[in-house]
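Here is a short report on one protein chain.

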Amino acid sequence: MQTSATKDALARDNWECQVHKHFHGVRVNIFMYRPVGYHPALAGGHHAFRRNRVDTPETIIALCSECHYKVEHAIIPKIDIVALLSKITGVNLFQKYRQFCKFTDDDWLKVYP
């Protein structure tokens, strides 16, 4: 079940996978794109800091099932998702939610100068 914050974030992201859009320059609708080998139920909003910790649109990103899998399995590092969300929302999420981040100030400055 999607929270109202997830629905708001998906609408903000125009139901497009933000990893594909920002990292690969490709627009992919999260519910229409069906990559082979990835379950379509994974598509939707991803909570960067876990839903039970922070459930706000600024901390949720639209991902296709492939990218959601890759984020969940650390193939795409969490720091990259937090930096991308910070860029999208205009909020430095590392500063705001530092207690949920396991990376250092130096690591953050490499991805979000």
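## Fold

The protein has 6 helices and 2 strands. This is a predicted model. From the N terminus on, the order of elements is α-α-β-β-α-α-α-α.

Strand 1 covers 44-47 and strand 2 covers 60-63. Further along the chain, helix 5 spans 93-96 and helix 6 spans 105-111.

## Dimensions and packing

The protein has 113 residues and a radius of gyration of 13 Å. A compact globule with 113 residues would have a value near 13 Å, so the two agree. Along the principal axes, the C-alpha atoms fill a box of roughly 35 × 30 × 20 Å.

Of the 113 residues, 43% count as buried. Now take the contacts between residues at least 6 apart in sequence. Of these, 62% join residues at least 24 apart.

## Surface and charge

The protein exposes about 6500 Å². Carbon and sulfur atoms supply 53% of that area.

There are 15 positive and 11 negative charges. Their mean positions lie 3 Å apart.

## Aromatic pairs around Phe49

A search of the whole structure finds 7 aromatic pairs. One of them joins Phe49 and Tyr97. The ring centres are 5.4 Å apart and the planes meet at 40 degrees, so this pair is tilted. Phe49 lies in the loop between strand 1 and strand 2, and Tyr97 in the loop between helix 5 and helix 6, so the pair ties together parts that are 48 residues apart in sequence. Both Phe49 and Tyr97 are buried.

Phe49 also pairs with Phe100. Here the centres are 6.0 Å apart and the planes are at 35 degrees, so this pair is tilted too. Phe100 sits in the loop between helix 5 and helix 6, while Phe49 is in the loop between strand 1 and strand 2. This pair links distant parts of the chain, 51 residues apart. Both Phe49 and Phe100 are buried.

## A ring cluster

Which residues do ring pairs link into a cluster? They are Phe94, Phe103, Trp108 and Tyr112. By the element limits, Phe94 falls within helix 5 (93-96) and Trp108 within helix 6 (105-111).

Key:
Residues numbered from 1 in each chain as written. Predicted model: local features only at pLDDT ≥ 70, side-chain atom pairs only at ≥ 80, totals over all residues. Heavy atoms only, no water. Helix = DSSP H or I, 4+ residues; strand = E, 2+ residues; numbered from the N terminus. Rg over C-alpha atoms; globule rule 2.2 N^0.38 Å. Buried < 20%, exposed > 50% of the residue type's maximum accessible area, 1.4 Å probe, protein only. Contact = heavy atoms within 4.5 Å. Areas by Shrake-Rupley, 256 points an atom, 1.4 Å probe, with all protein chains shown as cover. Lys, Arg positive; Asp, Glu negative; His and termini not counted. Charge placed at Lys NZ, Arg CZ, Asp CG, Glu CD. Phe/Tyr/Trp six-rings, centres within 6.5 Å; stacked < 30°, edge-to-face > 60°.
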